[in-house]
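Work through the following exercises with the model open beside you, and try each task before reading its solution.

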Amino acid sequence: MSYRYMRLIVFFDLPNKEYAESTAYRKFRRFLVKNGFVMNQFSVYSKFAINASQAELIKIMVRKNLPPLGKVQMLQVTERQFADMEYLVGEKSTKFVDCGERWVVIE
């Protein structure tokens, strides 16, 4: 059986000046973290999916938990495309691993 590993990336820009907006922002962010999303940058989170079908289920789950205001975008890419991402930083950093090798443990 051949798997095509996917990565779902969620980008969001949510208002949080009012108390209700701030509460919705925190609730959405907690939802992402609780459901296995990892923060790549502020307001950019990603989650691994074993195939496109699982990625679609994750998208449905995100849609069901959208905050009432703001903008949320989702992008689905292959794990290989995600691994080819370039990290551009001001100074050379050893915090980033830049290689195509990925180890996935599924329990």
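**Exercise 1.** Determine whether Pro-68 is buried or exposed, and say why.

*Solution.* Pro-68 has a relative accessible area of 73%; with a 1.4 Å probe and protein chains only, buried means under 20%, exposed over 50% and partly exposed in between. Pro-68 is therefore exposed. As for its place in the chain, Pro-68 lies in the loop between helix 2 and strand 4, where helices (H or I, at least four residues) and strands (E, at least two) are DSSP runs numbered from the N terminus. Although Pro-68 and Glu-21 are 47 residues apart in sequence, their C-alpha atoms are 8.6 Å apart in space.

The model is predicted, so that local features need pLDDT of at least 70 and side-chain atom pairs pLDDT 80 or more, while totals for chains, interfaces and linings use all residues. Residues are numbered from 1 along each chain as its sequence is written, and side-chain values use heavy atoms, without hydrogens and water.

**Exercise 2.** Work out the order in which the 4 strands form the sheet.

*Solution.* The open sheet has the order 2-3-1-4 with antiparallel pairing, two strands being paired if DSSP finds at least two bridges between them. Its edges are strand 2 (38-41) and strand 4 (71-78), each of which pairs on one side only. Strand 1 (residues 6-13) and strand 3 (residues 44-49) are joined in the antiparallel sense over 6 bridges, and here Arg-7 stands opposite Phe-48.

**Exercise 3.** Find which strands helix 1 touches.

*Solution.* Helix 1 (residues 19-34) packs on the sheet and touches strand 1, strand 3 and strand 4, contact meaning heavy atoms within 4.5 Å.

Conventions. Axes fitted to C-alpha atoms, helices over the stretch in contact; angles between N-to-C directions.
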